[in-house]
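Visitor: I would like a close look at a single part of this model, the interface between the chains. Please set out the surroundings first and then go through the part itself.

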Amino acid sequence: MTWLIARRLAIFVASLAAASLAVFALLTLVGDPARSVLGIHATPEALQITRQRMGLDRPVWEQYWSWAWSALHGDLGTSYITHFGIAEQVGRRLLVTIYLVLGGMVTALIIAIPAGTLAAVQHRKITGTVVTALSQLGIAVPAFLAGIVLIALVSVKWGVLPAGGYVAPSADALGFVKRMLLPWLSLGLVQGAVLARYVRSALLDEVNADYIRTARSKGLTRTGAIVRHGLRNASIPVLTVLGVQLVTVLIGAVVVERVFALPGIGSFLVDSVARQDRLAVQGIVMIIVALSLAVSFVVDIAYVMIDPRLRRAR
Amino acid sequence: MKARSTQSVLVVFALAVAMITAACSSSGNDVTPASPTSGSTDSASSDSGTPPAGDATLSLGLVLPPDNLDFTTTSGVAIPQLLLGNVYETLVVQADDGSLQPGLAKKWDVSDDGTQYTFTLNEGVTFSDGSPLTAADAKFSIDYVKSDWTVNVADEMKIVTDVQAPSDTELVVTLSEPSNMWLFKMSTRIGAIMSPNHVDNLAKEAIGTGPYTVDPWDGGDVITLTRNDNYWGDAPAIKHVVFRYYEDAAAMNNALLTGDINVITTVPSPQTLQQFESNDAYQIIKGTTNGNVMMTINNAQPPLDDVRVRQAINYALDKEAILKAAWAGYGTVIGSHEVPTDPWFVDLADRYPHDVTQAKELLAQAGQEGLTLRLALSGTPYASAAAPIIVSQLAEAGITVVTEDMTFDNWLAKVYTDRDYDLTIINHAEQYDLTTVFSGEPDYYTNYTNPEVTRLETEGLAADYDTFIADFQKVVEILADDAAAAWLWAFPNLMVADANVRGLPVNAVGESLAVYHLYTEG
């Protein structure tokens, strides 16, 4: 078990290092940050001074090392465009995105587990077919479209909930929930539809397993056996999908943030690209990559926790 | 015209901004609307008493967030739009007819040779940190533009050779040569008066003499201005004005519909106005901007170097029909460079009436029947909307037009820098850009050459005001006669607001979005 975690951890660290190199290299090879600060008619002298000030006259390896080393210590530098600390900005924006994604995933699970279970239990009956068909519909609808429709109906037509914007939960908890409900729902509906299908098929795989028969022979109903024993076993493939989806949702949240005017990491990335703020883009991409790697790491560990059999495996 | 090359950078920037924001990014100081369609009763401060200072908050929706608060090192329109007039003030301010009015200076005198300006400052003016404004601060601000500003607009201050502050209220500025533009430029961002004690952290802290101060800002998409209770002038009615920046125009619309904001300061395209038009809860404000949408003709590119071909193109176009189809009729058809709010504007909209026969005749004279031209499009909404109808109108006159779609970066490289184009459509959004866009020398992408135009512009800038205006009016007429371009329409400033909001800056003519006359009724 310890060895297994250590191995996963090593993979995590190695991927992180490789990713940081890739991110740095990609962005260093493109364009001249000094020019993007000074504009197209900058004089060569001004460019030279700015390059020095930005440390661009140093060898590339040194630049990489100082950036990566500071990043490790939580310092992503100060933007030459906005003069704000990047880590501080990323932190605040990321929090919004994390609220959005986690809330969306919880909503997805709240929808997917009952719907998927129902579809599995009622398999080959009309209810099951209807649930399956509905989830197919959900998969076909992109989250931002769900968002636009929800805004048009719930906010504009009925005037029940705000059309987006963000307030910090510390400032106004009720306002926070009110403003996040629609974004959560639009992410959750779509992701829930996808997850429901995985829950259903994973459960169906377990229905004919020996332990279900045993449970039934001990007096449980079929539904009872599936819910009490099947769900836990079915959760492993579902968890894998959840991990993969979490990363997709994190990146897909960019569009949802835009529709709901949420100041998350996605809109920060778009803004930073627009203002050619290379250092900020570098920091944001690195954080997103690190987060994605961390999610897969945690999912890997979670398998082991859920399934004792994996603890012995190599 | 030493500053010409740097001015051109500005225009590029203005254009760039126009691409992003559909070209109505900055708003002006209480200008009485010149457009016949505008709601003039709501606009100006001078004709209606602003109600007393209350505790209300108003939220404005905008599309282009500032990178920081420092326009001394960061170019673009977003920062002056937020700060100029509201937080930083200038010695002179621009009024509705384009004339200059007293600002921080209550009066000024110009020496007979036009090179020395003596300003008398208002007394009792303080910065929002409580320190008094003196002529020494004004001197510092002007010198600081020359010494520390890195943005290209700072070049406008190069003409200043000496600044003296003989007393606390007296400021004497000496120019190297007479200039009718310099004083006007002093009403733009370079004229902002700053405190010598607060220039170390301009990116995050803006301390001026204006009616509002900036609340601490975290770099996010919301910036709040709060009334400066020590303001030397009339206190604004609204206590907090919140600037909310949206990436998505639809999100901004929804924010207005659901009450998160009270005003959309920039409507990206008139199509979005439909949902507000029939709704009594909202008012639509139609004003003007400095922008003129122009089909630029490459004057150096044969056969477009033949004036008859350029005139034929102008005769072939039905500009009313173009405006109607492309921009729902919002705006004013124009016939030469500059817009109706400019002091040297001459109405030449009828110079080339729609006349296909005349167009064909001119083309025949020039030996250019069966002409094929390229039309470069950079993806702006107004250009994309106008292109199809222009193509079909030119086809009626026997000119085949091939459209070339490109990104704005490509447009900058190919059309603007390399001048490899026949026709293109662009909104020239910068105020008073006549001498830049048509200098009479081929130093701009229009490639327009006319020594007479150069002479009139150079002499006009150095002459007394009346001669200056007369010379520039002559230039405007010559440009129309030469068909130096096909001017289409003066770009409108379209806003939507809650029905009870008053005091909105209707016309977007200056660099600031003045919020200090806002109030709500009822």
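Guide: From the N terminus on, the elements of chain A run α-α-α-α-α-α-α-α-α-α-α-α-α, that is, 13 helices and zero strands; helices (H or I, at least four residues) and strands (E, at least two) are DSSP runs numbered from the N terminus. The model is predicted, so local features need pLDDT of at least 70 and side-chain atom pairs count only at pLDDT 80 or more, while totals for chains, interfaces and linings use all residues. Residues are numbered from 1 along each chain as its sequence is written, chains are lettered from A and ligands numbered from 1 in the order in which they are written, and side-chain values use heavy atoms, with hydrogens and water left out.

The C-alpha trace of chain A spans about 85 × 55 × 35 Å along its principal axes. Within chain A, the axes of H10 (222-259) and H12 (278-306) come within 10 Å and cross at roughly 175°; axes are lines fitted to C-alpha atoms, for helices over the stretch in contact, with angles from 0 to 180 degrees between N-to-C directions. H10(A) and H12(A) are therefore roughly antiparallel (angles over 145 degrees). Residues in this contact (heavy atoms within 4.5 Å) include Leu239(A), Gly243(A) and Leu246(A) of H10(A) and Leu291(A), Val295(A) and Val299(A) of H12(A). By class, the contact has 13 nonpolar, four polar and one charged residues; Ala, Val, Leu, Ile, Met, Phe, Trp, Tyr, Cys and Pro count as nonpolar, Asp, Glu, Lys and Arg as charged, and the others, Gly among them, as polar.

Now the interface itself. Here 21 residues of chain B are in contact with 22 residues of chain A. The two chains bury about 2,100 Å² between them, 52% of it from carbon and sulfur atoms; buried area is the accessible area (1.4 Å probe) that two parts lose on being put together, summed over both. Asp67(B), Asp218(B) and Glu247(B) supply 27% of the area that chain B buries against chain A, more than any other three residues.

Between the chains there are four salt bridges (a side-chain nitrogen of Lys or Arg within 4 Å of a carboxyl oxygen of Asp or Glu). Asp218(B) pairs in this way with Arg92(A), the closest N and O atoms being 3.4 Å apart. On the side of chain B that touches chain A, the elements giving two or more residues are helix H1 (4-21) and helix H5 (249-257) of chain B. H5(B) has the largest share, three residues. The residues on this side divide into seven nonpolar, seven polar and seven charged.

Technical notes. Parallel < 35°, antiparallel > 145°, perpendicular 65-115°, else oblique.
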